[in-house]
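Student: Hi! Could you walk me through this one while I have it open?
Tutor: Happy to, let's take a look together.

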Amino acid sequence: MAPNLPPFANTPIDDIPKIVEEVRSTFFTQKTKPIEFRLRQLRKLYWGIVDHEAEIIEACKKDLGKSVYETQLSEIKWVENDIIFVNKNLEKWAKVEKPEDIPLTNYFMRPRIRKDPLGCVLIIGTFNFPINLTFGPLVGAIAGGNTAIVKPSEQAPASAAVMQKILAVSVDPSCYRVINGGIPETQALLAEKWDKIFFTGSANVGKIIAKAAAPTLTPVTLELGGRNPAIVTKKADIHLAARRLLWGKIFNAGQVCISQNYILVDKDVVPTLVAELKSAMADFFPNGAKESPDYGRIASNQQFSRIKKMLDNTSGKIVIGGTMDAEQRFIEPTVIEVSDPSDSLLTEESFGPLIPIMPVENLDEAIRIANSVHATPLGLYPFGSKDEVEKILTEVRSGGASVNDAWTHGVIPTLAFGGVGDSGSGSYRGRASFDCFVHRRSVTTTPRWMEKLLAVRYPPYEGKYEQYAKMSVSKPNFDREGNIKFGFIRYILTLGSGSAKRGILRAAALAVLAVALQIALGRTARA
Ligand SMILES: NC(=O)C1=CN([C@@H]2O[C@H](COP(=O)(O)OP(=O)(O)OC[C@H]3O[C@@H](n4cnc5c(N)ncnc54)[C@H](O)[C@@H]3O)[C@@H](O)[C@H]2O)C=CC1
Ligand SMILES: CC1=C(/C=C/C(C)=C/C=C/C(C)=C/C=C/C=C(C)/C=C/C=C(C)/C=C/C=C(\C)C(=O)O)C(C)(C)CCC1
């Protein structure tokens, strides 16, 4: 029997300042700082999630038509595994760190790096992986010793209500709270003072967040969207490319910010790619996507209309799929052959199961189009030979990249995840989640006995520079042309090459030459 879901209700706007004040003042009680407290809260959150698995599954079904399998993989087990990983590593990460590269003269000041909590943080989530992308950052915030307020997306209301319930019953409510609502509630939150805002969502709202943070210089982590290219060359394995890129657009019905937004394909292999996509589609959904229990639905009528409009507006030709059902918010995985790089299917983020394919003359053209559509996308998916892939990775920027695959870099839970340029700033997950929510605070302690040595820094300065220079001024090992200068000993030891590797090669070549000479001389002597 399906579990009863808690109702979604907006937090009254008038209550928001009071809740924020409570959570903010808890930070100053120092309650969240001991590692043992953080670990205990994380462990309680873990069990809170475990105890509400059935409700999470039901909520994700209601919000997104998400299959149990996808909810387990990408929401429930994702966050549970993350908590277990943090639980195992937090003490190690939180240890005071000895910095590298400290000059000898500063050694006695015991330079070190503390990992201090930031304070009271705000986490604003999105709808597509509602639990993962909301509780994921929260795990980092708790691990970092912060207090936090979480604002789930109102576009996944069932999941938002379940998250509110889970936090209320599992963790300390004076430290961590859910505020539910839409734009007015988020605006009320943004009017408060935060020590960090962690936002996942669209670039447009990202700008609103950054603007709201600017007057108080509040740091922000922005996890935004992108128009991510996949590039398929003639040398790629087209069968694999088709299966993997199709997976990239059917998981969560394509509502994945790192999935490819469009595919640039060498014109010679377009027919093969389309045929392989057709065959992969039949393989994944033998009775069609609509009948499959594995294929999700679009989150809201608003998102459905937006995706439909994109398809209506294209000048491209649908070659696979194209059916829809507004009542069910169902959109079939749809492959569209596009011939114009300014087609809105390329230039706008579909955030749905649309798979535009654009034939190109060669790799240079593909790279040119990718760079002109979006110079700093969130993801990049090159399929081709080793050299072609290297060229693509070098010439096209992106937050992350998966070679010969769709968004695989985004499913490795302990790999830092984030955008670049306007696809986001900052990263999180695994250790990076902890780093995202702490300040690496450099600290020194100057011993009393150093006072005599430190006299060099006090006025009168007369005659002190030479003394200082002896201790602390470095000499360049490069000349005015930018060439590296070698010392005499280094020159001799490296046989005039300047590098150990080239020195060894030269020594080996000399040894071969000497042996050959010896053999030749031996032969001459015998003759
Ligand atoms: N980089 C990443 O990890 C991810 C990025 N995304 C991106 O998110 C976008 C789709 O998600 P949406 O939820 O539609 O994004 P969105 O930006 O509309 O909403 C995200 C959050 O911002 C709040 N919000 C919306 N409008 C606001 C306003 N005017 N003022 C203050 N707050 C506001 C919403 O309540 C929601 O909690 C896509 O662009 C997608 O690529 C989605 C998932 C992950
Ligand atoms: C099984 C054996 C092996 C190894 C097998 C491997 C490596 C299997 C890999 C399977 C994968 C990658 C399955 C996919 C899982 C999908 C997940 C977890 C989805 C997560 C979704 C997330 C986090 C969504 C994020 C969305 C974001 C950020 C967004 O919208 O932007 C060996 C090792 C080969 C040995 C033999 C056995």
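Student: How many bridges join strand S9 to strand S12?
Tutor: In this predicted model, S9 (residues 317–320) and S12 (residues 334–337) are joined by three bridges and run antiparallel. Lys317 sits opposite Glu337 of S12.

Student: And S12 with S13, parallel or antiparallel?
Tutor: S12 pairs with S13 (residues 354–360) in the parallel sense, over four bridges. Within that pairing, Val335 has Ile355 in S13 as its bridge partner.

Student: Switching to helices: at roughly what angle do H3 and H6 cross?
Tutor: Roughly 155°, with the axes of H3 (residues 53–64) and H6 (residues 157–170) coming within 7 Å. Angles over 145 degrees count as roughly antiparallel, so that is what H3 is to H6.

Student: Which residues make the contact?
Tutor: From H3, they include Ile56, Ala59 and Cys60, and from H6, Ala158, Val162 and Ile166 are among them. Glu55, Lys62 and Asp63 of H3 take part too, as does Lys165 of H6. The contact residues divide into seven nonpolar, one polar and four charged.

Student: Now the ligand. Which residues come nearest to ligand 1?
Tutor: Of the 28 residues around ligand 1, the nearest are Thr126, Glu154, Ser202, Leu224 and Glu349.

Student: What distances do you get for the side chains of Thr126 and Glu154?
Tutor: For Thr126, a side-chain N or O atom is 2.7 Å from an oxygen atom of ligand 1. For Glu154, the corresponding distance to a ligand 1 oxygen atom is 2.6 Å. Lys151 also has a polar side-chain atom 2.9 Å from an oxygen atom of ligand 1.

Note on methods:
Residues numbered from 1 in each chain as written. Chains lettered and ligands numbered in written order. Predicted model: local features only at pLDDT ≥ 70, side-chain atom pairs only at ≥ 80, totals over all residues. Heavy atoms only, no water. Pairing = 2+ DSSP bridges. Helix = DSSP H or I, 4+ residues; strand = E, 2+ residues; numbered from the N terminus. Axes fitted to C-alpha atoms, helices over the stretch in contact; angles between N-to-C directions. Parallel < 35°, antiparallel > 145°, perpendicular 65-115°, else oblique. Contact = heavy atoms within 4.5 Å. Nonpolar A, V, L, I, M, F, W, Y, C, P; charged D, E, K, R; others polar. Near = heavy atom within 4 Å. Polar contact = N/O pair within 3.5 Å; in protein donor to acceptor, adjacent residues only side chain to side chain.
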